[in-house]
Amino acid sequence: MSMDVDITPRARKVLVFVNPFSGPGKALDIYQKRVVPTLAELDLNFHLIITERAGHAKDVVKTIDISEWYGVIIVSGDGLIFEVINGLMSRPDWEHAIHHLPLGVVPGGSGNALCCAINSHNGEPYKDNILTHSLFVLAKHKIKALDLVAVDTCEGRHYSFLSITWGIISDVDIESEKYRSLGNARFTVGALVRIVGLRTYHGRLSFLPCEPYRCHTSRSTSCSTWEPSVNANTADVVTSQPKSRSLSCPDGLGDSATEEVLRSRLQHGGPADEPLTPVFPEEGGGDLETVIANSSTPAADSTQLTCDSPSRGDAATPRPVETALLPPLSDPVPASWVTIEDNFVTVVAAYESHLGPDIIIAPEATFNDGIIHLMFAKAGISRSSLLKLFLSMENGSHVNSPDIEIIKVKAFRLEPITPGGVIAIDGEKVKYGPIQAQVLPGLARFMA
Ligand SMILES: Nc1ncnc2c1ncn2[C@@H]1O[C@H](COP(=O)(O)OP(=O)(O)OP(=O)(O)O)[C@@H](O)[C@H]1O
């Protein structure tokens, strides 16, 4: 069944959020000069909210009457999209809200990953004049399904649409924010600094693969293999997958039939849980100028970072969705999962093709494939190879590199052992510590 739905402009209005401080600070200008004329051309009524602080858009969408709006348009970067999604998922009627309020995105940030992915999948340019082409895509009036990923952290539950990053990729993303005025060039500057001052991180990565997984044991401290099993704990969640979907998990996350099965298993809000207080050490890092001095590879520390109480707590967004694949963060992962313990340069979980105009992180990813594209590079990679890896991400050819391993998974857990790193969800820094995630196929809607 096609997930495309025509959205004919109706009497309802579009809610437009503009973050005046996103990216190079031009979002308001973009709104006035480009978005308003486009919406007028489309004969759409709209209501503008200029965000006044972080969390403003999240608070607004928590309380709006969904029936009054036919969509939300976000003129900003990926951070505001993350906010709006998590605001919708905080509502008591989250299932209705996330399904019936499609998101439209207009690039106003510095990375604009989702806009790049949307334009790319529509055959539109995304490097030059991304704005014009994004408005064109928006004007086509199509709604499509978008996978979300439920993410448990020590501070609670988040819902992610783009990526989870650890190691050099998140270091670069977060540490280079001070160079936001450079636009996308900030990532290049940050990457060069980080490659010079290369750090590695010891940790444990566990995952439930879509396909049989064989360990590359020569470079792993420890690893287990995985073969499909009738006992795999996915069997009670999913139905069979159309064989034509070559990128899909074999047992079926990602198609609309599966979505119906999953949706029928979703439960509305459990009791509000206590927020968690992490017990791991203070975060390290620092500004770019001090990165090199502080960035020698830390010795592997066998003390695993933990949350100090069970992970059902939620300081972020309520946990209304039953994530059948995820045990509590404080419990061991199921025996059927693969676990690798090693020293990593980076771990990236991506569910969109792009992380920005110059990073095609998961070329095979589509918006509703029901797959987390989990990739990692281990310690031992030379600086020159790492630089080549970064450069090859511009066209996605890093996927062929022997220095990176890429696995399609449904769920994973990352347990950092090295203290003092950065973990980012959709480019937003979260509390550093254990984190786990499960894909929720096609839960959201977006305008494409
Ligand atoms: N008025 C505001 N003042 C300060 N922060 C804001 C305001 N409005 C939104 N924010 C926050 O700013 C952060 C960054 O916004 P956004 O992601 O849109 O821009 P960006 O980081 O420049 O873009 P990108 O994510 O594409 O690199 C978000 O976390 C958002 O919550």
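What is the relative accessible area of phenylalanine 46?

Analyst: Keep in mind that this is a predicted model. Phenylalanine 46 has a relative accessible area of 27%. Buried means under 20%, and exposed means over 50%. Phenylalanine 46 therefore counts as partly exposed.

Now look for its partner. The whole structure holds six aromatic pairs. In one of them, the ring centres of tyrosine 31 and phenylalanine 46 are 6.5 Å apart. Their planes meet at 80 degrees, so this pair is edge-to-face. Tyrosine 31 sits in helix H1 (residues 27–41), while phenylalanine 46 belongs to strand S3 (residues 46–50). The pair therefore ties together parts that are 15 residues apart in sequence. How covered is the partner? Tyrosine 31 has 7% relative accessibility, so it counts as buried.

Phenylalanine 367 and phenylalanine 446 have ring centres 4.7 Å apart. The angle between their planes is 50 degrees, so this pair is tilted. Phenylalanine 367 lies in the loop between strand S13 (359–360) and strand S14 (372–378). Phenylalanine 446 lies in strand S18 (residues 435–447). Here the tie joins parts that are 79 residues apart in sequence. Phenylalanine 367 is buried, at 8%. Phenylalanine 446 is buried too, at 1% relative accessibility. Ring pairs also build a cluster from Trp166, Tyr201, Phe344 and Phe376.

Next, the ligand. There are 21 residues around it, and Gly23, Thr51, Ser76, Gly79 and Glu83 come nearest. By class, this shell has 11 polar, seven charged and three nonpolar residues. Look at some polar atoms. A side-chain N or O atom of asparagine 19 is 3.2 Å from a ligand oxygen. For serine 110, a polar side-chain atom lies 2.8 Å from an oxygen of the ligand. Asparagine 112 uses its backbone instead, with a polar atom 2.9 Å from a ligand oxygen. How much of the ligand is covered? Alone, the ligand exposes 630 Å², and the protein buries 85% of that.

Which element gives the largest share of that shell? Helix H3 does, with four residues. H3 runs over residues 78–89, which makes 12 residues. From first C-alpha to last, H3 reaches 17 Å, close to the expected 16 Å. Of its 12 residues, 11 are buried. Among them are Asp78, Leu80, Phe82, Glu83 and Met89. Note that Glu83 is also one of the residues that come nearest to the ligand.

Most residues other than glycine have a negative phi. Asparagine 112 has a positive phi, near 55 degrees. Its place is the loop between strand S5 (103–107) and helix H5 (113–121). With 9% relative accessibility, asparagine 112 counts as buried. Aspartate 426 has a positive phi as well, about 50 degrees, and is not a glycine. Aspartate 426 lies in the loop between strand S16 (423–425) and strand S17 (428–430). At 2% relative accessibility, aspartate 426 is buried.

To return to your residue: phenylalanine 46 is partly exposed, and its ring pairs edge-to-face with tyrosine 31.

Note on methods:
Residues are numbered from 1 along each chain as its sequence is written. This is a predicted model: local features need pLDDT of at least 70, side-chain atom pairs count only at pLDDT 80 or more; totals for chains, interfaces and linings use all residues. Side-chain values use heavy atoms; hydrogens and water are left out. Helices (H or I, at least four residues) and strands (E, at least two) are DSSP runs, numbered from the N terminus. The expected span of a helix is 1.5 Å times one less than its number of residues. Buried means under 20% relative accessible area, exposed over 50%, partly exposed in between (1.4 Å probe, protein chains only). Rings of Phe, Tyr and Trp (its six-membered ring) pair if their centres lie within 6.5 Å; planes under 30 degrees apart count as stacked, over 60 as edge-to-face and the rest as tilted. A residue is near a molecule or strand if one of its heavy atoms lies within 4 Å of it. A polar contact is a pair of N or O atoms within 3.5 Å; within protein, one must be able to donate a hydrogen and the other to accept it, and residues adjacent in sequence count only if both atoms are side-chain atoms. Accessible areas come from the Shrake-Rupley method with a 1.4 Å probe; for residues, only the protein chains shown count as cover. Ala, Val, Leu, Ile, Met, Phe, Trp, Tyr, Cys and Pro count as nonpolar, Asp, Glu, Lys and Arg as charged, and the others, Gly among them, as polar.
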